[in-house]
Amino acid sequence: MTYTPKILAFAGSTRRDSYNKKLVKVAAQGARSAGAEVTFLDLRDLPLPLYDEDLEAEQGIPQNALKLKELMMDHQGFLIASPEYNSSLSAVLKNAIDWASRPASPDEPMLACFSYKVAAIMSASPGGIGGMRGLVHLRSLLGNIKVIVLPDQVAVPKVHEAFNADGTMKDPQQQASIEKLGENVARMLSKLNG
Ligand SMILES: Cc1cc2nc3c(=O)[nH]c(=O)nc-3n(C[C@H](O)[C@H](O)[C@H](O)COP(=O)(O)O)c2cc1C
């Protein structure tokens with residue numbers, strides 16, 4: 001039986017016209033071309049309260065956080081595009097990770113959504129360095145929760161000039177380098193599970 005990698009693609013932005021959502025969709029295309037099944041998740045569709053331990057103790061894990069956890073559990077790979085906010089990852093992304101890191105039941109293993117998943121990270125910004133400083137923090141955080149983050153990453157500067165109307169990138173080399181991120185995750189998962 002052949003193995004089909006399952007990859008969840010999402011961005012740390014809920015903005016309707018988010019450049020990072022566009023970016024992660026390009027990487028998703030690369031993963032699909034390499035044989036993966038990719039689910040795109042728009043975090044706007046799963047609004048979450050700011051993580052609060054009292055809220056969790058009193059009301060449990062919110063339904064949308066449980067849905068996020070289920071989606072993560074069901075995929076072995078992640079493609080994550082993170083906007084850079086004040087030189088770090090966005091609060092939207094950090095909050096989603098914080099909720100997903102909470103066990104839904106006492107017998108759920110620690111960090112079950114994240115442990116030994118394979119990820120590629122990327123960022124896009126209208127600024128000159130493409131959000132690269134945020135990726136340093138994101139890589140460190142994901143590593144600490146046992147995600148295997150692949151070494152290649154891409155930061156797209158001046159992103160407001162980067163996309164065609166159909167969602168592809170104007171620069172074919174940039175398009176290829178981002179598709180490659182998705183391909184890398186698909187191929188690594190196939191090596192690990194083949
Ligand atoms: C609170 C805030 C902080 C920001 N800080 C940075 C930053 O440190 N570096 C950067 O390149 N862009 C920064 N930006 C600009 C974002 O890169 C830009 O809004 C981008 O389009 C957000 O990603 P999105 O298009 O996926 O929503 C910041 C924007 C906001 C609202």
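1. Phe10, Phe78 and Phe114 form one aromatic cluster, where rings of Phe, Tyr and Trp (for Trp, its six-membered ring) count as a pair if their centres lie within 6.5 Å, with planes under 30 degrees apart called stacked, over 60 edge-to-face and the rest tilted. The model is a predicted one, in which local features need pLDDT of at least 70 and side-chain atom pairs count only at pLDDT 80 or more, while totals for chains, interfaces and linings use all residues. Residues are numbered from 1 along each chain as its sequence is written, and side-chain values use heavy atoms, with hydrogens and water left out.

2. The count of aromatic pairs comes to 3. In one of them, the ring centres of phenylalanine 10 and phenylalanine 78 are 6.1 Å apart and the planes stand at 75°, so this pair is edge-to-face. The pair links distant parts of the chain, since phenylalanine 10 belongs to strand 1 (residues 6–11) and phenylalanine 78 to strand 3 (residues 77–81), 68 residues apart; helices (H or I, at least four residues) and strands (E, at least two) are DSSP runs, numbered from the N terminus. Both phenylalanine 10 and phenylalanine 78 are buried, a word that stands for under 20% relative accessible area, with exposed meaning over 50% and partly exposed in between (1.4 Å probe, protein chains only).

3. Tyrosine 51 and tryptophan 99 also make an edge-to-face pair, at 4.6 Å centre to centre and 65° between the planes. Tyrosine 51 sits in the loop between strand 2 (37–41) and helix 2 (53–59), and tryptophan 99 in helix 4 (residues 91–100), so the pair ties together parts that are 48 residues apart in sequence. Tyrosine 51 is partly exposed, at 24% relative accessible area, whereas tryptophan 99 counts as buried at 0% relative accessibility.

4. Turning to the ligand, a polar side-chain atom of serine 13 lies 2.7 Å from one of its oxygen atoms, and a polar side-chain atom of arginine 15 lies 2.8 Å from an oxygen atom of the ligand. On the nitrogen side, a polar backbone atom of asparagine 86 is 2.8 Å from a nitrogen atom of the ligand.

5. Serine 125 is placed in the loop between strand 6 (118–124) and helix 5 (132–144), and it counts as buried because its relative accessibility is 16%. Leaving aside residues up to four places away in sequence, serine 125 touches Gly130, Gly131, Val156, Pro157, Lys158 and Val159, contact meaning heavy atoms within 4.5 Å.

Definitions and conventions
A polar contact is a pair of N or O atoms within 3.5 Å; within protein, one must be able to donate a hydrogen and the other to accept it, and residues adjacent in sequence count only if both atoms are side-chain atoms.
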